[in-house]
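Q: Could we go through the aromatic rings of this structure together? I would like to see it first.
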Amino acid sequence: KGKGAAPKAPPPRGAPGAKTAADARAASTAQKARRRPEPRPSVPMKRIFWNAFSLGDPEAMKDKDSVWALIDNEAAKEGEGKFDTKELETLFRDQVVDREGKGPGCQSPSGSKTCRGQRARAQVFEEQRRRQICIMLARLPNVAATLQAIAEMNDEMLSRDQVELLRDNAPPAAELAQLHQAGKEMAGQGEAPAWDDAEAFVLRLGQVPSYNLRLQLWAFEHAYQEQHVMFDTAAREISEACTALRTSVRIRRMLAMVLSVGNFLNSGTSRGSADGFAVESLLQLRTIKAPSSGQGHMTLMDFVVQQVEKVHPGDIENIFADGNEAQVVKAASRHKLADLLSELAAHRREAEGLARRVVAPEVDEALRLRGRLAEVRYVKELGPLQNRLRDAEEQYTTLCAWFHEGGAKVPRPPDEFFAVWDEFFQAVRTSLEGLTRAKAPPKKLIVVRRSKSDDTPSRFATP
C-alpha cells in the first residue's frame with residue numbers, strides 16, 4: 001500500500017496564517033477582552049512588542065478618567081488616529097526568511113544584537129584626627145581671627161565653605177573633656193601643658209560660648225537660600241510637567257496615532273486591538289526600521305511623525321516651543337522627588353531643633369537674637385514649601401492613573417517617568433528635523449571654472 005501524501009509543511013514565519021501554539025492560546029484569551037475592531041493588513045507586518053492592555057466594556061470606557069478613554073471617545077467622534085494604511089504596509093511589511101536563513105529577512109525579537117614641621121609637644125588626638133584639624137587650619141585665617149569670627153558670626157571674615165569646614169570638624173564634648181583631663185594629669189606631674197597645634201586650637205575653640213550651636217546655625221543660614229530655591233524649583237517644575245502631560249492635546253493626538261499604528265502592526269496577535277500601552281513602549285518606535293522604504297533607514301518614529309504632521313501640521317513643532325511640553329518635561333526629569341521630600345523633612349527638623357536650642361538659658365543674648373530668625377523665618381517658610389512638594393507628589397500620582405502607569409504595580413519614580421518622555425521627545429525632534437530636511441528644496445550648486453586664455457575665473461550656476 002502506498003504511504004499517501006506527505007503532511008503539509010507549516011507556513012513559514014511571517015506568512016499569513018502562521019501562528020505558534022502560544023500565539024494561538026494568547027490570542028484566544030485576549031480576544032474575549034477586546035473591544036476594538038481588529039484591523040486586517042493585506043500583508044504580514046512587523047510587530048511592536050508593547051505592553052498592551054484592554055480597559056473592558058465600551059460603555060464603561062466613557063466614564064473612565066484616563067487619557068486612553070479620552071482618546072477612544074475622540075477617535076469615535078473626530079476620527080483621531082487615522083493614517084495611511086497602504087503606506088504603512090509598504091514601509092513596514094515583514095519579510096520572510098527562507099529555510100536556509102538566506103535573504104534579507106527580519107530579525108526575531110529575541111535576537112537583538114602631622115602638620116608639616118610639627119613641634120614635639122603634647123599630643124592626645126589620634127593621627128587621623130590631628131591631620132583633619134591641621135588641614136582645616138591651613139584653610140582658615142590665623143587662629144585669633146578665626147575665633148573672633150566665630151564669636152561674632154561675622155560673614156566678612158569667614159566664607160560659607162570655611163564655616164561648613166569648621167562645623168564638620170568641631171570637637172564634641174567628649175573630646176574636650178579628654179583634653180582637659182590630659183591637661184590636669186600633666187599639671188599634677190608638675191609639667192606645664194605645651195600643646196600641639198591641633199590640641200591647642202580645639203581647646204581655644206571650646207572657650208567660645210556655644211561654639212557648636214553658633215557654627216551649626218551659621219552654616220544653616222548660609223545654605224538656607226540655596227536649599228529653599230532648590231526645593232521650590234523642584235516642586236514647580238514637577239507640577240508643570242504633570243500639568244503639561246495631563247492636559248496637552250498635542251500629546252493626546254500623538255498617542256492616538258501611535259496606538260492606531262501599533263494595533264495595525266500587531267493585528268492577529270495577542271498584542272493587537274489594545275486600548276493603550278505603557279509609555280516606555282514609545283521608545284521602541286525608533287528601533288523598528290522599514291526594510292523597503294527606499295528612503296534611507298526610515299523608522300516607525302519617522303512614520304508616526306510624518307503622519308501626525310499630515311493630519312495636524314505644526315503640532316509637533318509646537319511641542320518644542322519655549323515653555324511647552326518637551327521643555328518642562330526635561331526640567332522635571334532632573335528631580336528625584338522621594339529624595340527631595342526626605343531632604344526637606346530633615347532640613348525642617350534641623351531648623352526646628354536650632355530654634356529650640358537658641359532659647360536655652362545658657363545661650364548668650366547675641367546668639368539668641370540671631371537664632372530667632374530660624375524660628376521666625378525658616379520654620380514658617382519650610383512648612384508651606386513641604387506642602388508644595390507633597391502637592392507635586394499628588395499630581396504625579398494622578399498623572400500615573402491618567403496614563404495607566406504601573407497598572408497593578410507601584411509606578412516608577414517621577415524622574416524615571418519624565419526621563420522616558422524626555423528621551424521620546426528627543427527622538428521625535430530627530431525625526432522632525434529629518435522630515436524638514438527631506439522637504440527642503442535642493443540647493444543650487446555654484447561651479448567655478450578657469451578659462452584657458454587667462455586666469456579670470458568664470459562662474460555659472462547649475463540647478
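**Aromatic rings and their neighbours**

A: Arg 129 sits over the face of Phe 125, at 5.9 Å from the ring centre. A charge counts as over a ring if NZ of Lys or CZ of Arg is within 6 Å of the ring centre and within 35 degrees of the ring normal. This is a predicted model, in which local features need pLDDT of at least 70, side-chain atom pairs count only at pLDDT 80 or more, and totals for chains, interfaces and linings use all residues. Residues are numbered from 1 along each chain as its sequence is written, and side-chain values use heavy atoms, with hydrogens and water left out.

Q: And what lies over the face of Trp 402?
A: Arg 246 does, at 3.7 Å from the ring centre.

Q: Now the ring pairs: how many aromatic pairs are found in the whole structure?
A: The search finds 14 aromatic pairs. Rings of Phe, Tyr and Trp (its six-membered ring) pair if their centres lie within 6.5 Å; planes under 30 degrees apart count as stacked, over 60 as edge-to-face and the rest as tilted.

Q: Why is the pair of Phe 83 and Phe 264 edge-to-face?
A: The planes of Phe 83 and Phe 264 are at 90 degrees, with ring centres 5.8 Å apart, so the pair is edge-to-face.

Q: Which residues do ring pairs link into a cluster?
A: The cluster holds Phe 320, Tyr 396, Phe 403, Phe 417, Phe 418, Trp 421, Phe 424 and Phe 425.
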